[in-house]
Every structure is written in structure tokens, then in C-alpha cells.
Amino acid sequence: MFIKPEYRGKGYARVLLNSMIEKSRMLGYDQLTFTTKPEVMKTAYELYKRMDFEELGCENGTVSMRIVL
């Protein structure tokens with residue numbers, strides 16, 4: 001997911017994440033997983049943690065995250 005710099009800090013990432021989570025539930029998924037680089041995307045990483053995504057592991061600065069639906 002990418003939010004253009006001029007739209008950051010306005011809540012769009014949370015809206016997109018909530019939409020993805022809801023759509024995934026509707027499609028029958030039981031979890032979402034992805035990777036992120038906290039060193040590069042600190043604000044996004046903090047949002048994921050606030051939204052209850054859990055950190056599964058880290059390798060070479062890339063963090064695997066998951067949320068159970």
C-alpha cells in the first residue's frame with residue numbers, strides 16, 4: 001500500500017486497511033499477512049501495531065506482520 005506524501009496524516013491508510021480487513025473477512029479469509037520495513041516506513045509500522053497487527057519475525061530489516069480476522 002502506498003499513500004502519496006501530500007495525503008499522509010489524514011487517515012487514508014487506516015481507511016484502506018479497514019476496508020481490506022473487512023473485504024478479507026467477507027471473502028472468508030482468517031488472517032492477513034504482509035511484510036514491511038519499519039526503518040523506512042516507521043509511521044506505517046506504528047499504525048499496523050496500533051491496529052493490532054502482530055509482528056511474526058524480522059529478517060534483514062523486513063518485518064513479517066499478521067492480523068487474525
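Tutor: The largest pocket has a volume of about 450 Å³, where a volume is the space filled by probe spheres set on grid points that are joined across faces, edges and corners. A pocket here is an open set of points on a 1 Å grid over the protein atoms alone, where a 1.4 Å probe fits and protein lies on both sides within 12 Å along at least five of seven lines, and lining residues have an atom within 4 Å of a point. There are 17 lining residues, and those closest to the centre of the largest pocket are Ile3, Arg8, Ala13, Thr43 and Ala44. This is a predicted model, in which local features need pLDDT of at least 70 and side-chain atom pairs count only at pLDDT 80 or more, while totals for chains, interfaces and linings use all residues. Residues are numbered from 1 along each chain as its sequence is written, and side-chain values use heavy atoms, with hydrogens and water left out.

Helix H1 (12-26) and helix H2 (42-50) each supply at least two residues of this lining, and H2 contributes the largest share, five residues; helices are DSSP runs of H or I with at least four residues, strands are E runs of at least two, and both are numbered from the N terminus. By residue class, the lining of the largest pocket has 10 nonpolar, three polar and four charged residues, counting Ala, Val, Leu, Ile, Met, Phe, Trp, Tyr, Cys and Pro as nonpolar, Asp, Glu, Lys and Arg as charged, and the others, Gly among them, as polar.
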